[in-house]
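Biologist: I would like to learn how to read helix packing. Could you walk me through it with an example?

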Amino acid sequence: MANSYEKPDFWSRKAFSEGYPARSVYKLQEIDRKFGMIKKHYRVLDLGAAPGSWTVFLLRTLAGSGKVVSCDLNPLAKDVKGDNLVFVQGDLNDEEVREAIRQEGPFDLVVCDAAPLTTGNRVVDTARSAGLVGMAVWYARTMLKSGGNFAVKLFQNGDQQKILREMREIFAAAKGFKPEACRSESFETYLIGLHKH
């Protein structure tokens, strides 16, 4: 039986036709529409950015203003570029990478659509996802300006309530949100932090 991940769906076809490397862009677009997270002249940190759909969306939304700092172990797609784009390649837990990113901040918005390499074992994959979320929350806590916002992907059952409690210590509001562009069989959701204390 064919898995729906193997054939391009509506969102994948739309992404390619609009010049985005992946369908994930529509999740960020929906998050932005609902929560108004991206504003002109913002400095935005995009964690786990490759191949670069979120980076492209951020660059298009900022329209030459502000700055996007993207970081991933893997390079961005070749056509992802902009005068206001800084790309840092490396491990987000590496001290040198953290310092390189810190030099570009502080940030108005931190976004993270990173997913772990999945094993097919939901318990393992969920635990790995929660680890990435913990890393992203660290960046939000240490590198966001006061009043800044945050969005991060989480595999459901990955300590969602515990992470939201931690985020409520950092932000005025924290909530879960599942964009329509998520595949119906996907167990990913997003955690949103608004207005850092």
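Biologist: Is the crossing of H4 and H5 right-handed or left-handed?

Modeller: The H4 and H5 crossing is right-handed. A crossing is right-handed if the near helix is turned clockwise from the far one by less than a right angle, and left-handed if anticlockwise. Before we go on, this is a predicted model, where local features need pLDDT of at least 70, side-chain atom pairs count only at pLDDT 80 or more, and totals for chains, interfaces and linings use all residues. Residues are numbered from 1 along each chain as its sequence is written, and side-chain values use heavy atoms, with hydrogens and water left out.

Biologist: What angle do H4 and H5 pack at?

Modeller: Two packed helices are described by the angle between their axes and the distance between the axes. Helix H4 (residues 95-104) and helix H5 (residues 122-143) pack at about 40°, and their axes are 12 Å apart. That makes H4 oblique to H5. Angles under 35 degrees count as roughly parallel, over 145 as roughly antiparallel, 65 to 115 as roughly perpendicular, and the rest as oblique. Axes are lines fitted to C-alpha atoms, for helices over the stretch in contact, and angles run from 0 to 180 degrees between N-to-C directions. Helices (H or I, at least four residues) and strands (E, at least two) are DSSP runs, numbered from the N terminus.

Biologist: Which residues of H4 are buried?

Modeller: An α-helix has 3.6 residues a turn, so residues three or four places apart point the same way. In H4, the buried residues are Val 97, Arg 98, Ile 101 and Glu 104. They cover an arc of only 115° around the axis, which puts them on the same side of H4; the arc is that of the directions from the helix axis to the C-beta atoms. Buried means under 20% relative accessible area, exposed over 50%, and partly exposed in between (1.4 Å probe, protein chains only). The face of H4 turned away from its buried side carries exposed Glu 95, Glu 96 and Gln 103.

Biologist: How many residues of H3 are buried?

Modeller: H3 is mostly covered, with 8 of its 10 residues buried. Among them are Trp 54, Phe 57 and Leu 62.

Biologist: How do H2 and H3 pack, and at what angle?

Modeller: Helix H2 (residues 25-35) and helix H3 (residues 53-62) pack at about 45°, with axes 8 Å apart. They are therefore oblique to each other, and their crossing is right-handed.
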